[in-house]
Amino acid sequence: MRVEYINPFVESSVSVMREILGIEVKREQISLKSKAVPILDVAVIVGLVGQVEGRVLFDMKMETALKIVSKMNEEELTQFDELAKATITELGNMITGRAVTKLSEMGYRFDVTPPAIFSGHNMEISDVEIEALIVPIETSYGRVEINVALREK
Amino acid sequence: MGEKMPIGDKGDGASFRVLIIDDSVFVVKQLTQILQSEKFDVIDTANDGEQGVEKYKELHPNIDLVTLDITMPKLDGISTLERIMEFDKDAKVIIISALGKEDLVKKALITGARNYIVKPLDREKVLSRIESVLKK
Ligand SMILES: [Mg+2]
């Protein structure tokens, strides 16, 4: 997988989280995973279809997810309920929207599926064929991993 | 000088009546808070397109504005807009879209949407777009 696909997602994650949450956000070292990825507690998954295809996954601990959605709602949410899910989905939309705009400026044409949320322990995402690049982002609310598995069609 | 009149005030003490069609409870909550802070009357909300069309038909003509999400399950924003415009060609619909959906927004404007707002929702931006739609 080409690294240039992941950069727009990392850049937009960093900038959206800084702007929307107003917290410290720092990008860590990129790593490569070819096997199934165990997800943390909450994962937002966006699919891409078109000239570039695959998926992007934003993965985090429940504690981190709850801090993020509480901040966005300006009220403390203690359960990962419907409002919390809708809120983290919106964050996913904002990040993806900005990344997609960058990628289409680079000349890639594709559609994005609406974000889907997965939550729970001991879950695994396995992508046959496509290897995944992972960029952890360290924030004052905890770590968010951006896991991108995309390929050119 | 006197205070500025809230944007949601029609001028005769009554409020502009808004229907919010959006599948995200987060966006519905945000929009409701912004609108109510300017004295708009959020008369109803629908969390999918089909329900949105039904509610519009029920409320018509006692409704002034619709905010319509472009990506929704069941019936998407464009099809919802088509049905609303078919029923009421004077409907005032404003599109709420994520970034990166420029083609859909263009299509919505051609179909009859009066304006659009790109998320994240910024209070000033939301109110100025809505105000310009209501003033026309
Ligand atoms: Mg939506």
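Predicted model: local features only at pLDDT ≥ 70, side-chain atom pairs only at ≥ 80, totals over all residues.

Rings, then. How many aromatic pairs turn up over all chains? A search of the whole structure finds three. I will show two of them.

Start in chain A. Y5(A) and Y108(A) form an edge-to-face pair. Their centres are 5.3 Å apart, with 75 degrees between the planes. The cut-off for edge-to-face is over 60 degrees, so this pair qualifies. Buried or exposed? Y5(A) is buried, and Y108(A) is buried as well.

Now chain B. F16(B) and F40(B) have ring centres 6.3 Å apart. Their planes meet at 35 degrees, so this pair is tilted. Again, distant parts of the chain are linked. F16(B) sits in the segment before β1 (17-21). F40(B) sits in the loop between α1 (25-37) and β2 (41-46). They are 24 residues apart. F16(B) and F40(B) are both buried.

One more ring in chain B. R129(B) places its charged end over the ring of Y116(B). The distance to the ring centre is 5.6 Å.

Next, the helices. In chain B, α3 (residues 77-87) packs with α4 (residues 102-111). The angle is about 5 degrees, and the axes are 10 Å apart. The two helices are therefore roughly parallel. Which residues meet? From α3(B) come I78(B), L81(B), E82(B) and M85(B). From α4(B) come L104(B), K107(B), A108(B) and T111(B). By type, the contact of α3(B) with α4(B) has five nonpolar residues, one polar and two charged.

Last, two single residues. S97(B) is in strand β4, residues 93-97. Its relative accessibility is 1%, so S97(B) counts as buried. What does S97(B) touch, leaving aside residues up to four places away in sequence? I70(B), V105(B), I117(B), V118(B) and K119(B).

G112(B) is in the loop between α4 and β5 (115-118) of chain B. At 21% relative accessibility, G112(B) is partly exposed. G112(B) and I95(B) are 17 residues apart in sequence. C-alpha to C-alpha, that pair is 10 Å apart in space.

Methods:
Residues numbered from 1 in each chain as written. Chains lettered and ligands numbered in written order. Heavy atoms only, no water. Phe/Tyr/Trp six-rings, centres within 6.5 Å; stacked < 30°, edge-to-face > 60°. Buried < 20%, exposed > 50% of the residue type's maximum accessible area, 1.4 Å probe, protein only. Helix = DSSP H or I, 4+ residues; strand = E, 2+ residues; numbered from the N terminus. Lys NZ or Arg CZ within 6 Å of the ring centre and 35° of its normal. Axes fitted to C-alpha atoms, helices over the stretch in contact; angles between N-to-C directions. Parallel < 35°, antiparallel > 145°, perpendicular 65-115°, else oblique. Contact = heavy atoms within 4.5 Å. Nonpolar A, V, L, I, M, F, W, Y, C, P; charged D, E, K, R; others polar.
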